[in-house]
Amino acid sequence: QVQLVESGGGLVQAGGSMSLSCAASGDTRCMTSMGWYRQAPGKERELVAATTTGNLLYYVDSVKGRFTISRDNATNTVYLQMNDLKPEDTAVYYCHVDSIDLTCDWIDFWGQGTQVTVSS
């Protein structure tokens, strides 16, 4: 089992910045990737950014150049720095971790979600 505690989020004006963090605890040895999804009202949940233990990075096209994901393996924390925020970034952001380690008995876990609202 892995517990995820998210922090950050809130209300920001368009063009502003915001940082999210997610601290993982528990069976963290099994974690392969850590990342952030988001879900806006009426839309499907989408992967925003992710980072793997091999330092591979992924960003959805709509946030490239504006968002930066980073990971602190010492504290098992993943961060999402969001700059130049736009109203369309408004969503509930979820921390997500997964494992491809076949010796582990879990596949993935989700955080509780944190609301990010960008006003125009």
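Visitor: Which residues is L4 in contact with, leaving aside its neighbours within four places in sequence?

Guide: Contact means heavy atoms within 4.5 Å. With those neighbours left aside, L4 is in contact with C22, A23, A24, C95, H96, V97, F109, W110, G111 and Q112. This is a predicted model, where local features need pLDDT of at least 70 and side-chain atom pairs count only at pLDDT 80 or more, while totals for chains, interfaces and linings use all residues. Residues are numbered from 1 along each chain as its sequence is written, and side-chain values use heavy atoms, leaving out hydrogens and water.

Visitor: How many residues does the largest nonpolar core have?

Guide: A nonpolar core is a set of buried Ala, Val, Leu, Ile, Met, Phe, Trp, Tyr and Cys residues joined through side-chain atoms within 4.5 Å. The largest one here has 32 residues, and L4, W36, F67, L80, M82, Y93 and V97 have the most contacts inside it.

Visitor: Now to L85: is it buried or exposed?

Guide: Buried means under 20% relative accessible area, exposed over 50%, partly exposed in between (1.4 Å probe, protein chains only). L85 counts as buried because its relative accessible area is 1%.

Visitor: What is L85 in contact with, again leaving aside neighbours within four places in sequence?

Guide: Its partners are V12, A14, G15, G16, S17, M18, R66, F67 and V118.

Visitor: How far apart are L85 and S120?

Guide: There are two ways to look at it: the pair is 35 residues apart in sequence and 9.8 Å apart in space, C-alpha to C-alpha.
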